[in-house]
Amino acid sequence: MPDSSHTMSILQHQLKFIWIESVAWNKKSVIDWYSTINSNAKKSRCTTRPILIGTRQGEIFEIVIEDRKVRKCECVWELSGFGEITAEGKSRSIQGIEVEPLATAKKSYFIVCCTPSRLYHFYGGPNISDVFQQAEGFLQRRGFHELPSSIRHTELHLAYKEYPQAQPHALCWLTQPGVFYGRIRLRDESGQTSIQSDGLLEYPSKNVATQDDFVIIEDVDKDIKTQVPISMGSSKLHSILLYQDRLVCIHSLSKRTSFSYKLNEKELKSIGPFCKIAHDRCQDTFWVFSTKGACFEVLIEDEGTDSWLFLARAKRFDEALESAGDSIKRRKEILAMKAEQLFEIGQYEDAAQLYAEVPTIFGFSEVASKFLQIGNRKAATRYGLARLKTMPPKNLIQSTIIATWLVQLFLDELQAERMIGFRGRSRAVIDSNKFQKSSISPSSQGTRNFSGRKTNRESSLKKKLLGFLEDYEDCIDANTVFRLISERGMDDILESYAILKEEREWLIDHFCSKMLYI
């Protein structure tokens, strides 16, 4: 960062009467700094690259400082209206702002900023100033989140899995009702960028928390009492809330207090009240400052011990699996919870696959009954096939039971399909007779197509059944299969299966009984 009194004087002149509330540093400068340190190379030039500044008047300035010279300083966007307060009495102060260069084919940026009552987000390019020029139509389509607020302070924090290499996946925004959590989708199915609400972490209730538990902050302008923190930080799984005399860490998923630290009267006189939390993203450390210059480091250790369970309960299964690590037991529990969730929302075939991966948690009859009760034989069949594929060779009896059950499902489905085809062909014949009586030629092409579709479906089911019988012949009792097919009167399947099993005597008796001697 350039450090020159001349540079500062130029900035002070250009930003005269401007109250700076927030700064969005350019992440590419951080990456340049990392590469310079790792390579021990001397940096050729010193530049901030484009950075953004949010002001109390609701303006955003783009500034570039390079080699101790101000290359650019201009207002690129401002909230509608004038002054620090809107006509509705809400603050226009932009107290949080972040800019993220996106890894896309065309150069583009994601920008997010907030006032105490609104959270704005922008997307576009190729330059930062172009993003705001393209923003007017986007904001008219409700390109912001809004929460009721009468306070005058707020904060905005982005969450990264790894900074600065990764891109943000979530954010948190300090508001009067609580901490707003949002999931950032930089590129969704439509190719757009969006922020989806992920819940609101409410602050301790006034009815529960007394003045001994939390400092009640006085809002001078409105003369109201509120328990909104004066500052906050956000780790992977915790919200760090800072009050004037206390620091409280609340688990973002369980909503329970994990840690709290309160200043006693002696400490308050010595170091003064707390005033701010700062997060060093590069080192992933948190620092708390007091009004008299004291500084504390907040150490966060082992916060992911039970995080997999809370993430799974919140239906964030991919994150839960990542948090579970190599623990097979935990991973199976997560998959079981995901299977139940998929079943509840009607994604039965996906649920069937996951149910099969956790046989120690869900028994075969339990899952099979779930699918059959809702009449979804397709999902039941998929579950049975998946269970067979993962069945150890030593469990021959259980494999035989499942395979025989699947044969019954295949036969029932084939029989049902043949009944549909038979009804369709019968209806076609009746309609044809009616047409002939009225001297109108029937459309044989249409009838042939209708019957053909059913025949193709029957052929496909028959092929699947015979393929299954061949693949799992080691765990299928032939006599049982012959009996099941005979009960349904499917002579063609009987013949095909007898050929597959090389039952020559049965074939001879069968063909003789039908007087098919050649």
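**Exercise 1.** Find which residues of H14 meet H15, and work out how the two helices are arranged.

*Solution.* Start with the contacts, meaning heavy atoms within 4.5 Å. From H14 come Ala478, Val481, Phe482, Ile485 and Ser486, and they meet Ile493, Leu494, Tyr497, Ala498 and Lys501 of H15. Sorted by type, these residues give eight nonpolar, one polar and one charged. A word on the source: this is a predicted model, where local features need pLDDT of at least 70 and side-chain atom pairs count only at pLDDT 80 or more, while totals for chains, interfaces and linings use all residues. Residues are numbered from 1 along each chain as its sequence is written, and side-chain values use heavy atoms, with hydrogens and water left out.

Next, the geometry: H14 (residues 478-487) and H15 (residues 491-501) pack at about 165°, with axes 10 Å apart. H14 and H15 are therefore roughly antiparallel (an angle over 145 degrees).

**Exercise 2.** Describe how strands E20 and E21 pair.

*Solution.* E20 (residues 285-290) and E21 (residues 295-298) run antiparallel and share four bridges; two strands pair if DSSP finds at least two bridges between them. Within this pairing, Val288 lies opposite Phe296 of E21. The two strands make a hairpin with four residues between them, and Gly293 in the turn has a positive phi of about 90°.

**Exercise 3.** Which residues of helix H9 are buried, and what covers them?

*Solution.* Buried means under 20% relative accessible area, with a 1.4 Å probe and protein chains only. In H9 (residues 348-357), Ala351, Ala352, Leu354, Tyr355 and Ala356 are buried. Their cover includes helices H8 (328-344), H10 (364-373) and H11 (377-390).

Key:
Axes are lines fitted to C-alpha atoms, for helices over the stretch in contact, and angles run from 0 to 180 degrees between N-to-C directions. Angles under 35 degrees count as roughly parallel, over 145 as roughly antiparallel, 65 to 115 as roughly perpendicular and the rest as oblique. Ala, Val, Leu, Ile, Met, Phe, Trp, Tyr, Cys and Pro count as nonpolar, Asp, Glu, Lys and Arg as charged, and the others, Gly among them, as polar. Buried means under 20% relative accessible area, exposed over 50%, partly exposed in between (1.4 Å probe, protein chains only).
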